[in-house]
Amino acid sequence: MGKINAVITGVGGYVPDYVLTNEELSRMVDTSDEWIMTRVGIKERHILTEEGLGTSYMARKAAKELIKKTGVDPDTIDALIVTTTTPDYKFPSTASIVLGKLGLKNAFAFDLEAACCGFIYTLDVAASMIQSGRFKKIIVIGADKMSSLVDYQDRSTCVLFGDGAGAVLLEATEEENVGVVNSYMRTDGKGLPFLHMKAGGSICPPSKFTVDHRLHYLHQEGRTVFRYAVTNMGDDVTEVMKMNNLTVDDVNWVIPHEANLRIIEAVTKRVGLPMDKVVVNIERYGNTSAATIPLALWDHEKNLKKGDNVIFTAFGAGFVHGASFYKWAYDGAAVK
């Protein structure tokens, strides 16, 4: 038996139908299309507006498309992992809800929370599970309903975020030179003051006071987050390239967390990569947190070729950050 590795064999995605444009936002807060495009590069974002629907709904939609596209037998799925900052409930896990709706009979499910780094952290965990030889097929979903955390009276944050979900099927393979190679993940623990939600956790449980004082919305100090994101994502990509003896010419694609176009451009400049090697879709979706990288894969799948050298990188609350090196395992253009 050869060495077991984990490969992505398919990608699914979902974004809600409702599109919140910059023009509409300009009627809600003091902003404009020019202000938003100049500072963050976002034109529109999809928002889940239907009453009673949360992150699990979008995650299920993305997973159903994934299962249909790959033709995988649902009964052969060993595990389903959802990474999200916006779970449907404190408990049970969002993954358990998705699993139940999909009718997966032979799988277990759990959530993993690593903010905007969630997808690359979870992909690493799932790959390790497969490399252990105990599991053969795992669905990894990045999904967030960021609109549930956004204060639409705060122009500095409400322009940034959207809702969506992306899913990948990770399978065991003995084929060489494809799949997850390695990663560089770090958490520095300095991020609490700069990016958090003040209330709703065990330190500050919900109360009339927390609601009245609007403490259940995302709080971000943008300049500090920007500086740390550029430095860490850029350095992490450089580190992963060093670990794998890669030059800029060897890298086919960098797929970054889509937080802010200026961050992506600054990271690219720091690493010395041309922008035509960087997958960017933030203009249409905004920052969907854990969903940004799988949604970028979903959008870009047709351009990916077997053997392509792909680097994922992300940065999020905590501060958590990292990069991973992946060799693409199939020709995306052949997917129908």
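**Charged pairs and ring pairs**

Tutor: Asp 235 and Arg 270 join their side chains in a salt bridge, with N to O at 3.0 Å. The term salt bridge is used here for a side-chain nitrogen of Lys or Arg within 4 Å of a carboxyl oxygen of Asp or Glu. This pair links distant parts of the chain, 35 residues apart: Asp 235 sits in helix α8 (residues 222–243) and Arg 270 in helix α9 (residues 261–271). Helices are DSSP runs of H or I with at least four residues, strands are runs of E with at least two, and both are numbered from the N terminus.

Before going on, a word on the basis: this is a predicted model, in which local features need pLDDT of at least 70 and side-chain atom pairs count only at pLDDT 80 or more, while totals for chains, interfaces and linings use all residues. Residues are numbered from 1 along each chain as its sequence is written, and side-chain values use heavy atoms, with hydrogens and water left out.

How open are the two partners? Asp 235 is partly exposed at 37% relative accessibility, and Arg 270 is partly exposed too, with a relative accessible area of 45%. The classes are buried for under 20% relative accessible area, exposed for over 50%, and partly exposed in between, using a 1.4 Å probe and protein chains only.

By the salt-bridge rule the count comes to eight. Another of them pairs Asp 299 with Arg 284, whose closest N and O atoms are 2.5 Å apart. Asp 299 belongs to helix α11 (residues 292–300) and Arg 284 to helix α10 (residues 282–285), so this bridge ties together parts that are 15 residues apart in sequence. Asp 299 has a relative accessible area of 23% and is partly exposed; Arg 284, at 38%, also counts as partly exposed.

A further bridge joins Asp 151 and Arg 214 (2.7 Å, N to O). Here the partners are in loops: Asp 151 between β6 (137–145) and α6 (155–158), Arg 214 between α7 (208–212) and β10 (218–220), so the pair ties together parts that are 63 residues apart in sequence. Asp 151 counts as buried at 12% relative accessibility, whereas Arg 214 is partly exposed at 34%.

Now for the rings. A search of the whole structure gives ten aromatic pairs. Rings of Phe, Tyr and Trp (its six-membered ring) pair if their centres lie within 6.5 Å, and planes under 30 degrees apart count as stacked, over 60 as edge-to-face and the rest as tilted. Tyr 14 and Tyr 57 are edge-to-face, because their planes stand at 90 degrees, with ring centres 5.9 Å apart. Tyr 14 is in strand β1 (residues 5–14) and Tyr 57 in helix α3 (residues 55–70), so the pair ties together parts that are 43 residues apart in sequence. Tyr 14 is buried at 15% relative accessibility, and Tyr 57 is buried at 19%.

Phe 108 and Phe 110 make a stacked pair, because their planes are at 15 degrees, with centres 6.2 Å apart. Phe 108 is partly exposed, with 35% relative accessible area, and Phe 110 is partly exposed with 25%. Elsewhere, ring pairs link Phe 119, Phe 312, Tyr 326, Trp 328 and Tyr 330 into a cluster.
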